[in-house]
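Here is a short note to read beside the structure. The points are numbered and can be checked one at a time.

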Amino acid sequence: MLYSVTLIPREEVLSEWTTMRIGGVTEHFYEPLSPEDVCLLLAHFRSEGVKPFVLGGGSKVVIKDGVFTRPVISMRSLCNVKFDGETVFAAAGVMLPNLIKMCVERGLGGIEVLCGIPATVGGAVVMNAGTKCGSFGDFVSAVEFANGDKLFTKRRDELVFSYRRGPVQGGEVVVGVWLNLKTSSPQTLMERMHKILKERVTTQPMNKPSAGCVFKNPSPHHSAGYLIERVGLKGYRVGGAQFSSKHANFIINTGNATFKDVLELIETARKRVKKVFGVELQTEMRLIS
Ligand SMILES: Cc1cc2nc3c(=O)[nH]c(=O)nc-3n(C[C@H](O)[C@H](O)[C@H](O)COP(=O)(O)OP(=O)(O)OC[C@H]3O[C@@H](n4cnc5c(N)ncnc54)[C@H](O)[C@@H]3O)c2cc1C
């Protein structure tokens with residue numbers, strides 16, 4: 001039994017909570033306001049034998065259409081930030097673009113290389129969000145977690161970050177992150193940020209609904225986008241979903257895409273790339289059903 005008023009579920013249309021704009025309706029949408037509430041919720045669902053779905057910025061997920069029966073825990077209301085010299089604490093629901101802006105204004109550098117990634121801080125840990133210029137894990141000094149028993153902290157030397165994979169495997173939830181940044185000139189950081197954003201806008205469909213890259217790059221020499229383009233799928237469309245003609249490793253929602261349309265595109269690309277190049281593409285995007 002849950003008693004806190006912040007833990008009363010409500011109905012939500014999940015497509016409104018994802019950047020891909022796909023997702024059905026849930027009657028079990030929870031928005032905890034504190035790490036303790038997250039812990040309470042996890043304990044509650046564990047006692048009910050139910051596996052909740054944890055939602056950050058919804059920028060890496062495609063959620064099934066129709067009725068979504070798993071409870072959803074949205075982290076977006078955990079959004080406090082603390083600065084102490086070159087150390088920054090950000091709660092899991094802080095939007096990365098907002099955090100980067102705050103850091104740049106204070107002359108704290110490092111994470112500006114991640115500008116343009118529409119993640120929450122928690123989602124950036126889970127996915128180890130990054131670009132060729134660096135990954136979120138490079139700046140993390142500790143992560144605070146909740147599980148169904150307690151809140152606990154792991155230091156950097158206890159955390160393993162790899163390519164698009166953070167240190168979250170066992171159903172625990174990230175509630176906050178400590179970062180180590182470097183003092184720099186706000187002007188220099190701003191200029192770097194603008195350069196990166198300009199390049200992104202030129203090479204990626206930033207103004208279209210998507211969930212970022214669909215597949216992981218199979219190797220540093222062969223990007224998934226290149227392989228998809230070479231098998232003739234750049235611009236290819238199923239229903240309302242389409243491999244972007246700007247960047248073939250993005251699927252965009254042209255207006256009425258469904259979960260099924262996206263699945264079909266993914267399967268088509270996997271099969272063709274396997275047949276032509278013998279390469280097994282691994283999805284980076286998370287398909288939630
Ligand atoms: C236009 C666009 C550009 C992008 N560019 C990049 C890029 O350059 N580099 C890159 O790496 N990614 C990129 N992405 C993808 C995406 O922004 C990142 O993967 C990001 O880290 C996802 O964070 P999120 O908060 O949106 O997570 P969500 O999409 O909400 O969730 C992703 C996964 O993390 C889990 N999760 C979320 N929060 C928590 C938490 N607090 N605790 C435990 N589990 C949690 C979810 O259950 C889910 O499995 C891009 C996406 C878009 C739409």
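Which residues are buried in helix H2 (residues 96-105)?

1. The model is predicted. In helix H2, the buried residues are Leu96, Leu99, Ile100, Cys103 and Val104. They lie on the same side of H2, because they cover an arc of only 130° around the axis. In general, an α-helix has 3.6 residues a turn, so residues three or four places apart point the same way.

2. The next point is what lies over that side. The cover on the buried residues of H2 includes strand S6 (81-84), strand S7 (87-91) and strand S8 (108-109). The helices H3 and H4 (186-203) are also included in this cover. Just after H2 comes glycine 107, whose phi is positive, at about 75°.

3. Now the open sheet. Four strands form an open sheet in the order S1-S2-S5-S3, and the pairing is mixed. Its edge strands, S1 (10-13) and S3 (53-55), each pair on one side only. From one strand to the next, the twist averages 45°.

4. S1 and S2 are joined by three bridges and run in the antiparallel sense. Here glutamate 12 stands opposite threonine 26, a residue of S2. Strand S2 (residues 25-30) also pairs with strand S5 (residues 72-74), in the parallel sense and over two bridges. Tyrosine 30 has isoleucine 73 in S5 as its bridge partner.

5. How many residues surround the ligand? There are 33 of them, and the closest are Gly56, Gly57, Gly122, Gly123 and Gly212. By type, the shell around the ligand divides into 18 nonpolar, twelve polar and three charged residues.

6. Several elements contribute to this shell. At least two residues each come from S3, helix H3 (121-127), strand S9 (130-131), strand S13 (173-180) and strand S15 (210-213). H3 gives the most, with five residues. Two residues deserve a check of their backbone angles. Most residues other than glycine have a negative phi. Arginine 21 has a positive value, near 60°, and asparagine 128 also has a positive one, near 45°. Arginine 21 is found in the loop between S1 and S2, while asparagine 128 lies in the loop between H3 and S9.

7. Arginine 21 is buried because it has 21 other C-beta atoms within 10 Å. Asparagine 128 is buried as well, because it has 20.

8. Glycine 240 lies in the loop between strand S16 (237-238) and strand S17 (241-243). Glycine 240 is partly exposed, because 17 other C-beta atoms lie within 10 Å. Leaving aside neighbours within four places in sequence, glycine 240 is in contact with Asn253, Thr254, Gly255, Asn256, Ala257, Thr258 and Asp261. Valine 25 is 215 residues from glycine 240 along the chain, and their C-alpha atoms are separated by 19 Å.

Definitions and conventions:
Residues numbered from 1 in each chain as written. Predicted model: local features only at pLDDT ≥ 70, side-chain atom pairs only at ≥ 80, totals over all residues. Pairing = 2+ DSSP bridges. Axes fitted to C-alpha atoms, helices over the stretch in contact; angles between N-to-C directions. Near = placed C-beta within 6 Å. Nonpolar A, V, L, I, M, F, W, Y, C, P; charged D, E, K, R; others polar. Buried ≥ 20, exposed ≤ 12 C-beta atoms within 10 Å, placed from the backbone. Arc of directions from axis to C-beta. Contact = placed C-beta atoms within 7 Å.
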